[in-house]
Amino acid sequence: MAPPDLRDRLIVALDVDSLAEAERLAERLDGLVRRFKIGSQLFTAGGPAVVEAIQKRGAEVFLDLKFHDIPNTVAGAAREAARLGVFMFNVHASGGLAMMKAAAEGAAAAAVELSVRRPLAIAVTVLTSLDRGALSRELGVSSSVEGHVLHLAGMAAAAGLDGCVASPNEIAALRTNRGPAWVIVTPGVRPAGSAAGDQTRIATPRAAARAGAHYLVVGRPITAAPDPAAAAAAVLREMAS
Ligand code: C5P
């Protein structure tokens with residue numbers, strides 16, 4: 001189920017290049033934003049110290065490193081994500097069923113062993129940067145984007161993952177297909193009237209929340225705004241409307 005408090009459904013993407021910049025943003029969003037996404041740029045720059053710094057502020061971390069490797073290696077990475085205490089991490093569904101199972105089991109086993117909370121394990125299905133042409137020409141996948149997303153989400157569910165990342169276009173079909181408990185994390189959220197940037201499949205906070213996304217990932221509309229706190233407050237208001 002989606003968290004009952006709207007503020008727990010907004011995840012702000014800290015796509016910056018240093019711990020100092022991440023802390024500066026978190027400070028400006030203090031009291032409004034409780035969850036942050038740390039992805040490959042910031043994690044490569046700052047490492048686990050960034051996760052710890054954000055957690056020390058009382059906020060939760062979604063570790064967006066999209067693991068994709070042999071099952072044994074991904075199980076180890078999932079274990080370390082659990083040890084870091086993140087509330088959510090993700091893996092590429094195209095790594096296959098055994099790899100996804102290893103991720104789910106690695107995180108669950110580590111949580112028991114280390115007496116920490118089990119993080120949500122989420123699948124990345126089809127990257128939003130890929131369209132049908134690239135799927136077929138470059139990856140040899142002949143189905144539609146939506147067909148392939150639903151197929152990979154089914155595999156992820158069979159592997160024991162908790163949910164998937166989905167563009168606004170796919171939320172409704174996934175919700176119908178996978179039921180109410182399936183966690184849907186949606187990037188590409190753009191407040192009414194804001195710049196799309198490089199995102200193509202976009203939706204407003206209201207539309208994404210109403211279509212059934214549990215978590216909305218918003219980056220630049222908040223982090224690049226002249227007043228990030230005001231922008232975050234506006235997004236929360238739009239989600240509630
Ligand atoms: O700045 P913006 O709101 O576009 O940021 C969206 C965030 O969500 C970025 O960190 C991006 O890497 C991430 N993301 C995405 N599309 C996906 C998966 C993750 O935009 N399919």
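Asp 8 is buried (under 20% relative accessible area; exposed is over 50%, partly exposed in between, with a 1.4 Å probe and protein chains only), at a relative accessible area of 15%. Welcome to this predicted model, in which local features need pLDDT of at least 70, side-chain atom pairs count only at pLDDT 80 or more, and totals for chains, interfaces and linings use all residues. Residues are numbered from 1 along each chain as its sequence is written, and side-chain values use heavy atoms, with hydrogens and water left out. Helices (H or I, at least four residues) and strands (E, at least two) are DSSP runs, numbered from the N terminus.

**Salt bridges**

- A salt bridge here is a side-chain nitrogen of Lys or Arg within 4 Å of a carboxyl oxygen of Asp or Glu, and by this rule the count comes to 12.
- Asp 8 pairs with Arg 34, with the closest N and O atoms 3.2 Å apart.
- This pair links distant parts of the chain, 26 residues apart: Asp 8 sits in the segment before β1 (10–13), and Arg 34 in the loop between α1 (19–28) and β2 (35–39).
- Arg 34 counts as partly exposed, at 28% relative accessibility.
- Asp 8 and Arg 34 also belong to a network of salt bridges that links them with Asp 5, Arg 7 and Arg 35.
- Within helix α1, Glu 21 and Arg 24 lie three residues apart, about one turn of the helix, and form a salt bridge whose closest N and O atoms are 2.8 Å apart.
- Glu 21 is partly exposed at 26% relative accessibility, and Arg 24 is partly exposed at 38%.
- Lys 66 and Asp 64 form a salt bridge too, their closest N and O atoms being 2.9 Å apart.
- Lys 66 is partly exposed, with a relative accessible area of 30%, whereas Asp 64 is buried at 9%.

**Helices α1 and α3**

- The axes of α1 and α3 come within 10 Å and cross at roughly 20°; axes are lines fitted to C-alpha atoms, for helices over the stretch in contact, and angles run from 0 to 180 degrees between N-to-C directions.
- The crossing of α1 and α3 is right-handed, which means that the near helix is turned clockwise from the far one by less than a right angle (anticlockwise is left-handed).
- Contact (heavy atoms within 4.5 Å) is made by Leu 19, Ala 22, Glu 23 and Ala 26 of α1 and Ala 49, Val 50, Ala 53 and Ile 54 of α3.

**Ile 54 in helix α3**

- Ile 54 lies in α3, which spans residues 48–56, and is buried at a relative accessible area of 1%.
- Leaving aside residues up to four places away in sequence, Ile 54 touches Leu 14, Ala 22, Ala 26, Phe 36, Ile 38, Ala 59 and Val 61.
- The C-alpha atoms of Ile 54 and Glu 23 are 7.2 Å apart, although 31 residues separate the two along the chain.

**Helices α7 and α8**

- Helix α7 (residues 145–158) and helix α8 (residues 171–178) have axes that come within 11 Å and cross at roughly 40°.
- The two helices are therefore oblique to each other.
- The crossing of α7 and α8 is right-handed.

Methods
Parallel < 35°, antiparallel > 145°, perpendicular 65-115°, else oblique.
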